Amino acid sequence: MDNHGQPAPCLAEAWEMSRDGREWTFKLRQGVKFHDGVAFDADAVIANFNRYQKISPRTSPFYSFNIKEAYPGLKQVVKIDTYTVRLTFEKPQPTLPFRMVNFYSAIFSPRNFNDNGDFNSLPMGTGPFKLVEHKKDQYALLEAYENYWGKAAKTKRIRVRVIPEPETRLAALRAEEIMGVMDLGAIQPAQARDLLKDNRFAVSSAPSTITHYIMTNGTKPPFNDVRMRKALSLLVDRDFIVKELYYGYGTPAGSMLSNASPFHSDLKPEYNPEEAKRLARETLGNKKEKVVVIIPTYALDRYPYKAQAELVQSYLKQLGLDAEIRVLDGAAFNEAMKKGDYHIALRIQGLPNGEPDTLFRWFATSKGASNVNYSLGYNNPEVDNLIAKAEQELDIKRRKEIYNRIQEITARELPIIPLFYDVNLIAYNKRLRGYEAAIYGTTLPEMELASR
């Protein structure tokens with residue numbers, strides 16, 4: 001995707017939809033070779049789709065892979081000529097290029113996987129860098145690919161180290177053991193502020209697909225009552241959170257759909273403490289209730305979630321709720337959400353792809369996977385119908401109108417409470433040139449190290 005969230009040409013130079021929206025024809029880039037020297041062409045694309053079928057569904061710590069979700073209703077992929085493929089679907093897929101903006105669409109050398117679809121060596125793609133060495137949880141070694149079809153990478157070799165602890169990452173950067181940091185929560189906002197006091201370093205930020213949310217257990221009191229979700233949302237001072245906890249790196253959120261999506265509706269969040277307390281009194285009366293707030297340990301390595309949880313705890317106190325904060329490891333956190341053993345959860349969610357249908361289905365439909373697995377308890381037949389209606393809509397403008405309506409409803413009923421839209425924040429030694437944050441990742445191919 002480009003920096004505006006729009007699908008952009010890469011291995012496919014052009015694409016065209018049939019009049020009924022059931023067929024998409026892709027013109028492939030010529031002269032491309034995989035990292036093992038195999039030519040990229042229509043046969044390679046078909047081999048990858050066959051692999052997608054074999055390995056689906058497959059779970060991972062990141063996102064699960066399931067071709068039925070990635071390419072719903074896919075009937076066949078056929079070769080038209082050496083550099084043209086056509087995908088045919090059971091139902092219209094007018095936004096297929098948006099849906100393909102994700103890892104589901106990665107294309108690897110057909111010699112790179114066995115009959116079961118498993119990799120038989122390090123992954124062999126077509127990008128500017130070749131993965132030449134990988135030690136799990138330690139490092140990955142990238143080497144500029146000399147036969148890359150596009151502009152060559154400026155740095156021959158880059159070692160990407162895994163340093164989980166934020167303070168250790170920062171210390172390594174200050175000591176010039178590493179020259180830059182990247183990935184989710186690469187540097188916490190407070191660390192970035194302090195680092196900039198040293199003129200050897202700089203930071204870069206770009207819009208991100210990550211949104212921070214408060215998720216509420218809607219399967220039991222008190223947040224099964226929309227008035228309490230509304231009360232909490234009205235009491236949360238998003239401007240304060242962004243300014244004081246994230247030092248301005250973020251945008252207060254009113255819609256559940258990230259502002260990095262071209263389908264985002266710019267709904268402004270409302271801050272109204274008096275109305276919040278009135279709604280809470282209306283719901284709880286004079287009762288005081290105890291609730292549980294959970295946060296995952298992995299988030300503490302990326303964000304100021306301890307302070308954020310304590311701030312939410314203070315908001316809940318004002319609503320008549322005494323909150324206990326529990327820090328859980330990732331597996332226990334997910335299990336607690338699935339079992340409904342919580343009231344409030346703080347977590348992030350990225351855009352699964354460029355088509356908002358996926359996010360809406362997961363969180364806002366009555367049988368959505370995240371709605372069920374996170375015990376959100378949200379059910380609105382109108383939203384279910386709108387999502388089903390959008391699926392049949394070929395006109396992008398009318399489809400966006402449907403998505404706008406879904407965002408209006410979910411902003412009012414709050415199946416999940418959006419807090420703020422994150423940014424991709426990175427830091428680096430100024431000896432690096434061309435190293436900037438992007439909507440997804442960094443400008444690694446443009447990066448080069450200046451001599452002292």
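Which residues of helix H7 (residues 238-245) are buried? They are Arg-238, Ile-241, Val-242 and Leu-245, where buried means under 20% relative accessible area and exposed over 50%, with partly exposed in between (1.4 Å probe, protein chains only).

This is a predicted model, in which local features need pLDDT of at least 70 and side-chain atom pairs count only at pLDDT 80 or more, while totals for chains, interfaces and linings use all residues. Residues are numbered from 1 along each chain as its sequence is written, and side-chain values use heavy atoms, leaving out hydrogens and water.

Helices (H or I, at least four residues) and strands (E, at least two) are DSSP runs, numbered from the N terminus. Just after H7, Tyr-247 takes a positive phi of about 50 degrees.

| Element | Residues |
|---|---|
| Helix H5 | 189-195 |
| Helix H6 | 226-235 |
| Strand S10 | 251-252 |
| Helix H10 | 305-318 |
| Strand S14 | 417-429 |

Elsewhere, three strands form an open antiparallel sheet in the order S5-S6-S7; two strands pair if DSSP finds at least two bridges between them. Strands S5 (129-135) and S7 (157-161) each have a single partner strand, so one side of each lacks a neighbour in the sheet. Five bridges join S6 (residues 139-144) to S7, and Leu-142 stands opposite Ile-158 in S7.

Conventions:
Contact means heavy atoms within 4.5 Å.
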